[in-house]
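Have the structure open while you read.

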Amino acid sequence: MSLSGRTNKTSILDKPLSKGKGEVSLNCFALLFSEIVQYCQNKSQTVPELQNRLHELGRKVGVKLIDLYFVRERGGKREIKLLNILLFVKSTLWKTLFGREADKLEHSNDDENTYYLMEKDPLVNKYISVPRDKSSLNCAVFIAGIVEAVLTGTGFPAKVTAHWHKGTTYMVKFDEAVVARDKHLEEK
Amino acid sequence: MSRSSTRFDTKKVNSELVTLTYGALVAQMIKDLDNTDDVSKQLERLGYNMGVRLIEDFLAKTGTGRCLDLKDTADKIQTAFRMYLGVQPNVTNWSPAGDEFSFMLDNNPLTELVELPDDLKGLRYCNIICGVIRGALEMVQLDVQSWIVQDQLRGDTSTEVRVKFIRRLEDAMPAGED
């Protein structure tokens with residue numbers, strides 16, 4: 001047992017933060033994601049179980065993105081308004097992660113707590129053909145997980161799910177308290 | 001913020017997406033398997049599956065022919081590193097018999113933002129690369145072994161991926177088909 005080993009080690013925080021412009025071939029990511037789906041599938045009996053696993057993995061990614069992106073893109077400043085954080089997700093997050101903005105952001109007509117984020121052709125689904133007997137499976141739940149973690153982690157607790165509708169639609173359902181707080185802010 | 005390099009048609013993705021996705025997978029595996037060695041093994045197998053399919057893409061894109069010798073193979077794998085991971089490793093440490101060599105990676109998109117906790121120091125985090133190399137070469141009739149010798153995540157200055165040539169595979173029919 002030596003203590004010197006610990007003091008000499010350079011930790012990740014000693015290194016400068018990368019600019020985040022590194023690139024990797026899409027093939028690599030596609031094959032990796034395919035292996036991830038297979039891995040999750042081997043551990044699941046049903047489609048919902050598989051989706052839960054992918055969602056959970058997405059959340060692990062999302063949590064890490066929060067600090068990374070807010071420090072790098074926003075000088076450490078977080079959003080406090082609901083609409084702004086949604087726009088952050090639609091623009092900044094999407095652009096940095098996937099190279100372009102999400103296609104559309106809509107507010108639900110029936111439920112003021114619900115927003116829809118639409119994307120015609122999510123990156124993760126590009127090379128996935130869904131088997132007919134599992135037609136409800138949408139592997140973009142992985143991305144839904146990322147979004148959920150980012151929203152929840154920045155103080156806007158929400159549930160985010162992915163659905164087949166006009167391509168893929170992510171349904172963002174905020175906790176009621178979030179919307180109430182936002183209204184309160186606006187009144188001031 | 002128009003970065004032409006992140007455009008879709010160039011068929012590239014942000015490396016952090018890959019880094020974090022891979023990290024999430026490894027973390028999940030550690031939770032599921034509970035044994036570092038098993039995780040390392042599983043990562044290698046996962047890489048193998050990827051390699052088996054990746055070689056097709058590599059051959060199609062580069063239009064490369066048969067390798068003349070192992071040096072040639074090493075150069076081509078080096079090209080593949082650049083194509084797929086965007087890094088350029090050095091090929092070094094050839095064994096006297098010329099059947100073993102190493103790739104030295106100074107930086108590696110897989111390990112950016114990654115730190116191994118002390119209780120996981122035995123984990124071969126980059127084993128997936130070894131798997132890819134083994135899988136890809138098997139598809140071109142080369143049986144190799146590949147393993148991690150040095151690892152930046154364990155405090156080494158660079159990551160060293162060792163490749164050892166075992167034998168040339170003869171054209172064998174898949175089992176059950178003669």
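At the start of H1(B), Asn14(B) puts a side-chain oxygen within 2.6 Å of the backbone nitrogen of Glu16(B). That falls under polar contacts, meaning a pair of N or O atoms within 3.5 Å; within protein, one must be able to donate a hydrogen and the other to accept it, and residues adjacent in sequence count only if both atoms are side-chain atoms. Just past the other end of H1(B), Asp34(B) has a positive phi of about 75 degrees.

Before going on, keep in mind that this is a predicted model: local features need pLDDT of at least 70, side-chain atom pairs count only at pLDDT 80 or more, and totals for chains, interfaces and linings use all residues. Residues are numbered from 1 along each chain as its sequence is written, chains are lettered from A and ligands numbered from 1 in the order in which they are written, and side-chain values use heavy atoms, with hydrogens and water left out.

Over in chain A, there are six helices and five strands. Those are DSSP runs numbered from the N terminus (helices: H or I, at least four residues; strands: E, at least two). Along the sequence they come as α-β-α-α-α-β-β-α-β-β-α, and the C-alpha atoms fill a box of roughly 60 × 50 × 30 Å along the principal axes.

Here are two helices side by side; the expected span is 1.5 Å times one less than the number of residues.

| Helix | Residues | Length | Span, first to last C-alpha | Expected span |
|---|---|---|---|---|
| H3(A) | 47-74 | 28 residues | 38 Å | 40 Å |
| H1(B) | 15-33 | 19 residues | 27 Å | 27 Å |

H3(A) has a kink of about 30 degrees centred on Leu65(A); the bend is the angle between axes fitted to the seven residues ending at a residue and the seven starting there. After H3(A) comes Gly75(A), with a positive phi near 55 degrees.

Now for the charged pairs. Arg78(A) sits in the loop between H3 and H4 of chain A and Asp67(A) in helix H3, eleven residues apart.

What does the contact between the chains take from each side? It takes 43 residues from chain A and 43 residues from chain B, contact being heavy atoms within 4.5 Å. Two salt bridges are counted between chain A and chain B. Arg72(A) forms a salt bridge with Glu16(B), the closest N and O atoms lying 2.5 Å apart. Strand S1 (23-25), helix H2 (26-42), H3 and helix H4 (82-98) of chain A each supply at least two residues of the side that touches chain B.

Conventions:
Salt bridge = Lys/Arg side-chain N within 4 Å of Asp/Glu carboxyl O.
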